[in-house]
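User: I would like to go through this model and ask what stands behind the words used for it. Please set each value against its cut-off.

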Amino acid sequence: MKSPILEAENIQVFYGAVRALKHVSFHVDQGRIISVIGANGAGKSTLLKAVAGVVPPAEGHIRFEGQSIKGLSATAIVKKGVSLVPEGRQLFTSLSVVDNLTLGAYLHYRRKGREEIASHLGEMYTLFPILKQRAAQIAGTLSGGEQQMVSIGRALMSQPKLLMLDEPSMGLAPLVIAEIMQTIVRLNREGTSVALVEQNARAALRISRYAYVLENGRVVREGKSGELLTDPAIIGDYLGEA
Amino acid sequence: MDSISLGSQVVQYIFTGLTVGAIYALVALGFNIIYNVTEVINFAQGEFVVWGGLILAVLAESLGIPLFFSFFISVGLVSLVGTVIYWTGIRPLRQPTILTMIMATIAISIILKGLAMFIWGKDPYAVQPFVEAPPVTLWGAYIQAQTFWVLGISVALVVALTLFYQHTLTGKAMRACADNPGAAGLVGISSGRMILFSFALSAALGAVGGAIITPITLMEYDRGAMLALKGFGAAILGGLGNFYGAVAAGFLLGLLESFATGFISSSYKDAIALIVLLGVLFARPQGLMGSSLQGDE
Ligand SMILES: Nc1ncnc2c1ncn2[C@@H]1O[C@H](COP(=O)(O)OP(=O)(O)O)[C@@H](O)[C@H]1O
Ligand SMILES: [Mg+2]
């Protein structure tokens, strides 16, 4: 049995009067990949933002490594080891690739030496060799896939124990999606726990061990990803297009 | 007109224009530093120049502290004033909108002006030139030695500022915050702290402007509003947010003023900035040089 690195219980999030998450519970086991699938507007991004401290949950508990992180600032949560790759990449589009990456380690500069950060940067270039060639390029001028790599790399520069990704496949060609998914698997093998949110349910279910299905702010199904992949109801609602 | 040739007059106007223009450029840069991180126009920007000059006058002239130290103490104190503005005027706002923040800066500029009058009174203050030297004669024009300090220090500041934004972690973090505040928060860059830095930095720039120009023009408590207006005109002319645009536009505005004063009448001097400001806003709101330091949003 693996112990959960992240546990969220009964989370509720409101945007004004709109209840975007209704008593949502989920957890990520240590060293595993979970995915959250659901249609546009289901509340997937809100879920990750609540964990990352970007939107405050009105109710519920969120624990990371056994400690409550509910109500902490986004900065405090990054410091604890939770990093979000936001929907739509959200790069610093006017800064270079290498500046985007190094700013990912912003919180580490006071505690770690520059050499250590340079060595993390080297690891990013090993993970995404194309970024080394593009290091000096302005991030906003990269292709969609390269931008996604920078966004993932920037999140990794903070050395997270839990990496959360919000629709990393959005807008990318199938080959690029496959490459990104392989990278996520590789990171996971190297020890990072992963929470993956996707509308591309098939790709997400293939690489995750456990999955949650979100509809209108509620978890309507959860189970082993392999089982969901072959479940006729899920195939009908979420996997039909492929 | 009689004994001085047109050529030496032109040289004289050019140097006068560049000197004043350097101060406008520093004020315009101050506007941009804050604008890029907050989209706020800080109308207290001109007061920093006034305070920089007046504090320097007290330290160097009244207290007799060596000019070199007085200069840095004055700049340090004014940048402290900048952070106090942030803490007292900007941060406490509930539900700050750009408009309420801009109104807060107007209120603050009025308070700073009142305070300056209370502390220093209405008389102008003088500061000795940085180095005692005779004027330089260039093509028949007399150029005060302090003019070269003004130009040299301004250019050095622009270079230093560029290096700061391009090569230091804090400079990059400030650009990141201006570029995408949400994403900056996700990597742990506190936008509050970056805004605080930007207030301190733009106050320091203004103070340097005041300190270097006071030996030439003297300084008095009520110059802030006009300086802010001129600097704002330059910032708009250079394209709000565009650093090099602000510098070029500051010098251009200074030159226009100087030539208008020389060839038309000094009574039109202050109107020039307004005419330029209105002209740009009507004809080319994005400024002569387009967009920002960051490129198009
Ligand atoms: N900032 C916001 N203000 C108001 N409503 C929002 C905001 N963000 C999201 N919502 C609403 O919350 C619901 C969930 O949104 P979101 O979490 O973005 O869904 P998903 O990521 O699954 O597409 C949607 O109905 C959306 O319209
Ligand atoms: Mg979403």
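Analyst: A polar contact is a pair of N or O atoms within 3.5 Å. The model is predicted, and the distances below are computed from it.

User: What makes the approach of A:Gly41 to ligand 1 a polar contact?

Analyst: A polar backbone atom of A:Gly41 is 2.7 Å from an oxygen atom of ligand 1. The cut-off is 3.5 Å, so the pair at 2.7 Å counts as a polar contact.

User: Which polar side-chain atom lies 2.7 Å from an oxygen atom of ligand 1, and what does the side chain of A:Thr46 do?

Analyst: The side-chain atom belongs to A:Ser45. In A:Thr46, a side-chain N or O atom is 2.4 Å from an oxygen atom of ligand 1. On its own, ligand 1 exposes 560 Å², of which the protein buries 59%.

User: Which residues are around ligand 1?

Analyst: They are A:Tyr15, A:Ala20, A:Ala39, A:Asn40, A:Gly41, A:Ala42, A:Gly43, A:Lys44, A:Ser45 and A:Thr46. Each is listed because one of its heavy atoms lies within 4 Å of the ligand. Helix α1(A) gives the most to this shell, with 3 residues. By class, the shell has 4 nonpolar, 5 polar and 1 charged residues.

User: Why are A:Ser45 and A:Glu87 called donors of the magnesium ion?

Analyst: The OG atom of A:Ser45 and the OE atom of A:Glu87 lie 2.0 to 2.1 Å from the magnesium ion, ligand 2. A donor has to be an N, O or S atom within 2.8 Å of the metal, so both atoms qualify. Water is not among the atoms, so the site may look incomplete.

User: How do you know whether A:Ser45 is buried or exposed? And what about A:Glu87?

Analyst: A:Ser45 has a relative accessible area of 14%. Buried means under 20%, so A:Ser45 is buried. A:Glu87 has 32%, which falls between 20% and 50%, so A:Glu87 is partly exposed.

User: What makes the pairing of A:Ser94 with B:Asp179 a polar contact?

Analyst: The two side chains come to 2.6 Å, and the limit is 3.5 Å. A:Ser94 lies in the loop between β6 and α3 of chain A. Its relative accessible area is 12%, under 20%, so A:Ser94 is buried.

User: Which backbone oxygen does the side chain of B:Asn36 approach, and why is B:Asn36 called buried?

Analyst: A polar side-chain atom of B:Asn36 lies 3.2 Å from the backbone oxygen of B:Gly241. B:Asn36 belongs to helix α1 (residues 6-38) of chain B. Its relative accessibility is 11%, under the 20% cut-off, so B:Asn36 counts as buried.

User: Which residues of chain B are annotated as "transmembrane region"?

Analyst: The unreviewed UniProt entry gives residues 12-33, 40-59, 65-87, 99-121, 141-165, 195-219, 231-256 and 268-287. This comes from the record, and such annotations may be inferred rather than shown by experiment.

User: How many percent helix and strand are there over residues 65-87 of chain B, and over residues 141-165?

Analyst: Residues 65-87 of chain B are 91% helix and 0% strand, with the end C-alpha atoms 30 Å apart. For residues 141-165 of chain B the figures are 84% helix and 12% strand, with the end C-alpha atoms 38 Å apart.

User: What is noted about phi in A:Asn10 and A:Glu167?

Analyst: Most residues other than glycine have a negative phi. A:Asn10 has a positive phi of about 55° although it is not a glycine. Phi of A:Glu167 is also positive, near 45°. A:Asn10 is in strand β1 (residues 4-15) of chain A, and A:Glu167 is in the loop between β7 (162-166) and α7 (174-189) of chain A.

User: Why does A:Asn10 count as partly exposed and A:Glu167 as buried?

Analyst: A:Asn10 has 39% relative accessibility, between 20% and 50%, so A:Asn10 is partly exposed. A:Glu167 has 5%, under 20%, so A:Glu167 is buried.

Technical notes: Residues are numbered from 1 along each chain as its sequence is written. Chains are lettered from A and ligands numbered from 1 in the order in which they are written. This is a predicted model: local features need pLDDT of at least 70, side-chain atom pairs count only at pLDDT 80 or more; totals for chains, interfaces and linings use all residues. Side-chain values use heavy atoms; hydrogens and water are left out. Donors are N, O and S atoms within 2.8 Å of the metal (3.2 Å for Na, K and Ca); water is not among the atoms, so sites may look incomplete. Buried means under 20% relative accessible area, exposed over 50%, partly exposed in between (1.4 Å probe, protein chains only). A polar contact is a pair of N or O atoms within 3.5 Å; within protein, one must be able to donate a hydrogen and the other to accept it, and residues adjacent in sequence count only if both atoms are side-chain atoms. Accessible areas come from the Shrake-Rupley method with a 1.4 Å probe; for residues, only the protein chains shown count as cover. Helices (H or I, at least four residues) and strands (E, at least two) are DSSP runs, numbered from the N terminus. Ala, Val, Leu, Ile, Met, Phe, Trp, Tyr, Cys and Pro count as nonpolar, Asp, Glu, Lys and Arg as charged, and the others, Gly among them, as polar.
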